[in-house]
Amino acid sequence: MHELAVTESILEITLRYAKQAQARRVVTLNLVIGELASIVDDSVQFYWDIISKDTPAEGARLNFRRVPFELLCLECTERFTPRGESFACPRCGSERIQVAAGEEFYLDSIEVE
Amino acid sequence: MVQRIAIVEQILNANDLLAQENRRRLDEQGVVAINMMASPGAGKTSLILRTIEALAGQLRLAVVEGDTAPVTIDADKISAQGVLAVQINTGGDCHLDAVMFQAALPQFDLKQLDLLIVENVGNLICPASFQLGTHCNVLIASVPEGDDKPYKYPNIYRGVDALIINKIDLLPYVPFDMDYFRRGVEALNPGLAVFPLSCRTGEGLEAWTAWLAAQARRQRA
């Protein structure tokens, strides 16, 4: 729903780094998005195609690396993705858990020429 | 030749920086701000009204009302209590962000305030991602929404400093397993301050308002 604001932010960061590197054009963006970030790839791509027009990043490919929501069991150290209506560890049943992954939301790198 | 540039910058960095600026501005004036988030109908406005009733004698309060449409129902209810309410109409946007909050700040005489309550747009997904620069993020859950919400919307439970469980007067009438709900919350946000209460009956309100008043006093000290 707020993908336009997010895409504008991605473009701003991209153009800033591309300019610093005196790049002629941006070829690829590598984004890392955790499952909890509630961002729809297709929607970002849709806005990207519109707002990157006439910038050095026009036509750049967006690579999304999706990071699944993962919990770490503090009893048996199992890492697992909760599916269903519980956060209990599938191996030992403990609910002493910690969020281990899935909150990532950053631009990892860009490829320019 | 293609060259790879390592960046690793948070996508919402620009918003977060602006949020920090908002926070500095509030700190300079000694104002504590809280960001109230919840799904539509959980009782954000009711809780704000109850909070005003309880604290108006001790603290100087004002409210920022986030709404997706230019409807002033909530702002009117608050103004009727004699408290200044400034409305931010997001124009359909699903959340408040640091830019909108910053734009609302000049409408208050911050020097004359102790506590600024921000009512975010009713939504359990988007507001969680956008820091405003407030001192506390508070989530209001409510009994009729169901006890599975921490499991279905984990993100919003992660970044909050306090959780209200509103409408506990309805517990006898709806299936809501409080223990199951709280286990989910504790897993996502260990040690979170939780306030079960009812805006309708007033039960549990005192613990919440005492906690909030303590937050405001800590800032002034």
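**Before you start**

Residues count from 1 along each chain as its sequence is written, and chains are lettered from A, with ligands numbered from 1, in the order in which they are written. As the model is predicted, local features need pLDDT of at least 70 and side-chain atom pairs count only at pLDDT 80 or more, while totals for chains, interfaces and linings use all residues.

**Stop 1: chain A**

Select chain A. Its secondary structure comes to 2 helices and 6 strands. Helices (H or I, at least four residues) and strands (E, at least two) are DSSP runs, numbered from the N terminus. Along the sequence the pattern reads α-β-α-β-β-β-β-β. The C-alpha atoms fill a box of roughly 55 × 30 × 15 Å along the principal axes. Chain A has a radius of gyration of 18 Å, whereas a compact globule of 113 residues would have one near 13 Å. That radius is taken over C-alpha atoms, and the globule rule is 2.2 Å times the number of residues to the power 0.38. Of the 113 residues, 27% count as buried. Buried requires 20 or more other C-beta atoms within 10 Å of the residue's own, exposed is 12 or fewer, and partly exposed lies in between, with C-beta atoms placed from the backbone.

**Stop 2: the shared sheet**

Select S1, S2 and S6 of chain A, plus S1 of chain B. These 4 strands form an open, mixed sheet in the order S2(A)-S1(A)-S6(A)-S1(B). Strands pair if DSSP finds at least two bridges between them. The edges are S2 (61–67) of chain A and S1 (3–10) of chain B, each pairing on one side only. On average, neighbouring strands are turned by 15° against each other, direction ignored.

**Stop 3: across the sheet, pair by pair**

S1(A) and S2(A) pair in the parallel sense over 7 bridges. Pick A:Val32; opposite this residue, in S2(A), stands A:Arg65. Trace the chain from S1(A) through helix H2 (residues 41–51) to S2(A): this β-α-β crossover is right-handed. Right-handed means that, with the strands pointing away from the viewer, the path from the first strand over the helix to the second runs clockwise.

Now move to the other side of S1(A). Strand S1 (residues 26–34) runs antiparallel to S6 (residues 105–112), joined by 7 bridges. A:Val32 has A:Tyr106 as its bridge partner in S6(A). A:Leu29 is partnered by A:Ile110.

Which residue of S1(B) stands opposite A:Ile110? Select B:Ile5. Here S6(A) and S1(B) pair in the antiparallel sense over 6 bridges.

**Stop 4: the helix over the sheet**

Axes are lines fitted to C-alpha atoms, for helices over the stretch in contact, and angles run from 0 to 180 degrees between N-to-C directions.

**Stop 5: the interface**

**Stop 6: chain B**

Select chain B. It has 8 helices and 8 strands. With 221 residues, a compact globule would have a radius of gyration near 17 Å; the 18 Å of chain B agrees. The C-alpha box is roughly 70 × 40 × 35 Å along the principal axes. Of its residues, 47% count as buried.
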